[in-house]
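Welcome to this guided tour! Keep your viewer open, and select each stop as you come to it.

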Amino acid sequence: MTSRAVSVAIIGAGFGGLAAAIELDRHGIHEYTVFERGDSVGGVWRANSYPGAACDVPSPTYSFSYALETEWSRRFGTQPEIHAYLRRTADRYGVTPHIRFGAEVTAAAFDADTGGWRVELADGTVSRFDVLICATGQLSRPKLPDLAGMDSFAGAQFHSAEWDHSVDLTGKRVAVVGSGASAVQIVPAIAERVAALEVVQRSAYWVGNKWDHRTNPVVRRLLRRVPGLARWQHNAEWLWYEARAPFIARWAEPVQIGFEWWLKFKIRREIRDPELRRAVTPDYRFGCNRVLLSNAWYPTLDAPHVRLHPHGVARVDEEGLVLSDGSTVAADVIVWCTGFTASEYLAPIDVTGRDGRKLHQEWKSGPYAHLGITVSGYPNMFLMYGPNTGSLTNTITFLLEKQARYARQAIQRLARQGGWLDVRREAQDAYNTRLQNTLRTTVFTTGCPGWYHTSDGTVTAVWPGSHVAYARATREVDFGEYEHGGLR
């Protein structure tokens, strides 16, 4: 059967969107458009330019497996380096000309008459495509708290993902609200510049050592010149991290307790104040929330001009923050490290499927998908970094490559046979039942704090197994799980 050209819309030009675009282009599918609301590629690595921004996965693995980088300045690459890597990779693989920058998608609707998608932009422009790939990511929309008095604060305030570089922090009293991944990088990076640093912690995280180091120039030269050496480095780092996958299981509790003992020893070694030690020690099992990496977090909190407040924010006033225990925090600048709307996948895009169904209405109690990639009732739509595909034990780039491969196989089928593909509800439900049963055997369902769960405790963010297991599950599309309709 003669193949036809299939048009593809990709929303987002971060790691996920680029993974999808490059996969299509490398396999002869060139009729695609990437819609990016920003002014360059990069996704979170374009947006998050706060002081100290860096990766917490070794850069040799936090790269596309077919585009290994040999020039990383450190084992854990910085935000400017990662952003530059993504720009170079998009240029190298010919993706950049396909990207429409400053193009924010506001709505996407399946058209049963054509078997394709109607994509609407913020400027009112409407385009039609055969396939929709959503690569907006889990961490693309900053979340600000809805607190009384926020508009009354007299100083500067901004979210960590929308850092205001025009604000000079030198000699200022700065309040950082949050103690998660962004705060752990920001607080040590700005501590020496500010007069006083107030850290407001809602819940403590386990924070391990970051085994970081500058890359020796000789090593970089060898990586460039010795065939296969960069690949060996990538594989070695990947296997080292993959070996951690079994430790999220409940049966590995003795190992988890061992890690907790080691991290408590780190806290005792790096913090002198017993009360502060107690405040930064989590009360939940190691591994059930993101384990952060920093060599400077605890020593910075122990500095004389830094104070940790283990209470939530009740409201904001003209002078600063009022905490839940009634105490006040005076500040000239407030930095909100309050995370992202991670469970609101694809928001605020209005996605309409077959028979007028609304994706966000169906996901009201929590997002779900088949293999984290397709959703029943939304034909020819594929997700990158979808529900339950978050990576905690290894690198997300590996999972994104597998998701792109899966979508590309389905698109090739559409090119050969036409029509549309829609995952059957029973296949989706069976998969998610197995997934949740597996999750119940892991540490993620032991009463963990954080954003991995919905309000009823359903885990919707993370993958509960090894990356090898995910690669095996997505190796080939089982078209028996799909309804193939719209055929002429």
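Helices here are DSSP runs of H or I with at least four residues, numbered from the N terminus. With that in mind, select Arg408, which lies in helix α11. Keep in mind throughout that this is a predicted model.

**Stop 1: Arg408.** Is Arg408 buried or exposed? Its relative accessible area is 11%, and the cut-off for buried is under 20%, so Arg408 counts as buried. Now show what surrounds Arg408: setting aside neighbours within four places in sequence, it is in contact with Glu23, Leu24, His27 and Ile29.

Stop 2: In soluble globular proteins, nonpolar side chains tend to be buried together. Here the largest nonpolar core has 105 residues, and Phe64, Ile133 and Leu197 touch the most other members. Helix α11 (residues 396–417) gives this core its largest share, 11 residues. Next, select Phe64. Another core, of 26 residues, lies apart from the largest one; Phe129, Leu132, Leu346 and Leu383 are among its members.

**Stop 3: salt bridges.** How many salt bridges does the count come to? The count is 24.

- Select Asp130 and Arg4, whose closest N and O atoms are 3.7 Å apart. Asp130 sits in the loop between β6 (126–129) and β7 (131–134), while Arg4 is in the segment before β1 (8–11), 126 residues apart. Arg4 is partly exposed, at 35% relative accessible area.
- Select Glu237 and Arg75, which meet in a salt bridge of 2.9 Å, N to O. Glu237 belongs to helix α6 (residues 229–242) and Arg75 to the loop between α2 (44–47) and α3 (79–92), 162 residues apart. Glu237 is buried at 12%, and Arg75 counts as buried at 15% relative accessibility.
- Select Arg272 and Asp302, with closest N and O atoms 2.7 Å apart. Arg272 counts as exposed at 62% relative accessibility, whereas Asp302 counts as buried at 11%.

For a network of salt bridges, select Arg357, Glu362, Arg425 and Asp429 together.

**Stop 4: the surface.** Which residues make a nonpolar surface patch of about 500 Å²? Select Trp211, Trp261, Trp262 and Phe265 to see it. Finish on Trp211, in the loop between β11 (207–208) and α5 (217–225). Trp211 is exposed, with a relative accessible area of 57%.

Terms used. Residues are numbered from 1 along each chain as its sequence is written. This is a predicted model: local features need pLDDT of at least 70, side-chain atom pairs count only at pLDDT 80 or more; totals for chains, interfaces and linings use all residues. Side-chain values use heavy atoms; hydrogens and water are left out. Patches are made of residues with over 30% relative accessible area and no salt bridge: like charges are joined within 9 Å, nonpolar side chains (Val, Leu, Ile, Met, Phe, Trp, Tyr) within 5 Å. Accessible areas come from the Shrake-Rupley method with a 1.4 Å probe; for residues, only the protein chains shown count as cover. A salt bridge is a side-chain nitrogen of Lys or Arg within 4 Å of a carboxyl oxygen of Asp or Glu. Helices (H or I, at least four residues) and strands (E, at least two) are DSSP runs, numbered from the N terminus. Buried means under 20% relative accessible area, exposed over 50%, partly exposed in between (1.4 Å probe, protein chains only). A nonpolar core is a set of buried Ala, Val, Leu, Ile, Met, Phe, Trp, Tyr and Cys residues joined through side-chain atoms within 4.5 Å. Contact means heavy atoms within 4.5 Å.
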